[in-house]
Amino acid sequence: MIKGEIYYTNSTHLSVSAPVLAFDRAAREGRFHPFIGSNAVTHLWLGDHRPTVEKLADFIIRVFHETRNHQIILSPEFTNCSACGTTSDGLYGNCPSCGSPSVEGIARITQYFSRIAGWNKGKLAELKDRNRQASFFS
Ligand SMILES: [Zn+2]
């Protein structure tokens with residue numbers, strides 16, 4: 001760990017790196033949602049994974065029929081290239097389209113999407129540790 005790469009796990013959340021599938025995360029965290037009023041939420045990080053509409057609908061219906069979870073947020077990540085103007089799914093150090101290193105990552109942190117270049121060391125450490133559950137819809 002590099003100095004400053006510290007973050008905490010808040011609310012009803014499991015660790016961001018917990019090795020659980022998305023449904024299990026929603027179910028486990030959802031056990032506490034009925035006790036938290038209206039603001040408890042489960043974050044699910046997609047990385048570059050884009051489930052089909054059918055799989056996404058099945059997943060959401062299953063979460064709300066089979067768990068006590070009140071809210072889920074599905075968060076994709078993106079890379080924007082200033083050289084060719086392409087926005088790609090996922091976070092990359094170089095543009096997947098043209099190879100340029102002039103890219104910036106965009107991801108969600110604390111409810112909002114933003115450019116990760118402006119994040120502090122703690123938020124970047126959390127981003128690095130996230131279990132993106134790429135196979136959870138398959
Ligand atoms: Zn590019």
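Four cysteines hold the zinc ion: Cys81, Cys84, Cys95 and Cys98 coordinate it through their SG atoms, at 2.3 to 2.4 Å. These distances come from a predicted model. The site of the zinc ion is tetrahedral, with angles of 106 to 115° among its 4 donor atoms. Along the chain, the donors follow the spacing C-x2-C-x10-C-x2-C.

Look next at two of these cysteines. Cys81 has 3% relative accessibility, so it counts as buried. The cut-off for buried is under 20% relative accessible area. Cys84 has a relative accessible area of 36%, so this residue is partly exposed.

Now turn to helix H1. This helix spans residues 22–30, and Arg25 sits in it. Is Arg25 buried or exposed? Arg25 counts as buried because its relative accessibility is 1%. Its contacts, leaving out residues up to four places away in sequence, include Leu14, Ser15, Val16, Ala18 and Val20. Arg25 also touches Gly30, as well as Thr42, His43, Leu44 and Trp45. Further along the chain, Asn131 and Gln133 are among its contacts too.

Leu14 lies in the segment before H1. Its relative accessible area is 25%, so Leu14 is partly exposed. Which residues does Leu14 touch, not counting those up to four places away in sequence? They are Thr9, Val20, Arg25, Arg28 and Glu29. Leu14 can also be placed relative to Ala26, which is 12 residues apart from it along the chain. The C-alpha atoms of Leu14 and Ala26 are separated by 9.7 Å.

Methods: Residues are numbered from 1 along each chain as its sequence is written. This is a predicted model: local features need pLDDT of at least 70, side-chain atom pairs count only at pLDDT 80 or more; totals for chains, interfaces and linings use all residues. Side-chain values use heavy atoms; hydrogens and water are left out. Helices (H or I, at least four residues) and strands (E, at least two) are DSSP runs, numbered from the N terminus. Buried means under 20% relative accessible area, exposed over 50%, partly exposed in between (1.4 Å probe, protein chains only). Contact means heavy atoms within 4.5 Å. Donors are N, O and S atoms within 2.8 Å of the metal (3.2 Å for Na, K and Ca); water is not among the atoms, so sites may look incomplete. Four donors count as tetrahedral if all angles lie between 85 and 135 degrees; four count as square planar and six as octahedral if opposite donors are over 155 degrees apart and all others between 65 and 115; anything else is irregular.
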